[in-house]
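Open the model in your viewer and keep the selection tool ready. We will stop at a few charged side chains.

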Amino acid sequence: MCLAVPGKILEIDPSDLLMRTARVSFGGVVREISLALVPEAEVGGYVLAHAGIGIGMVDEEEAGHIFEALRQLDALEEVEG
């Protein structure tokens, strides 16, 4: 199963307009990802990322819903564990 998680774009590297990369925060964990597939991405926006590649955009509210669902899954895993 593949899972894309939302992250907040902190900074976009302007050096390569075609193969843009960005520093993205995933709940406090910051990683560099490719934004090549999401040209509309801007600093402050939320990108869905899978395997280090931005694959879509979500708004802040939707990102919050996804984070909450992931938290609930973790809690469920702890109960079943």
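Select glutamate 11 and arginine 23: their side chains meet in a salt bridge, 3.2 Å from N to O. This pair links distant parts of the chain, with glutamate 11 in strand 1 (residues 5–13) and arginine 23 in strand 2 (residues 21–26), 12 residues apart. The model is predicted: local features need pLDDT of at least 70, side-chain atom pairs count only at pLDDT 80 or more, and totals for chains, interfaces and linings use all residues. Residues are numbered from 1 along each chain as its sequence is written, and side-chain values use heavy atoms, leaving out hydrogens and water.

A salt bridge here is a side-chain nitrogen of Lys or Arg within 4 Å of a carboxyl oxygen of Asp or Glu. Strands (E, at least two residues) and helices (H or I, at least four) are DSSP runs, numbered from the N terminus.

Buried means under 20%, exposed over 50%, and partly exposed in between (1.4 Å probe, protein chains only).

**Stop two: along helix 1**

How many salt bridges does the structure hold? There are 2. Now select arginine 71 and glutamate 68, whose side chains meet in a salt bridge of 3.3 Å, N to O. They sit 3 residues apart in helix 1, so about one helical turn separates them. Glutamate 68 is partly exposed, at 36% relative accessibility.

Stay in helix 1 (residues 60–80) and select glutamate 61. At 56% relative accessibility, glutamate 61 counts as exposed.
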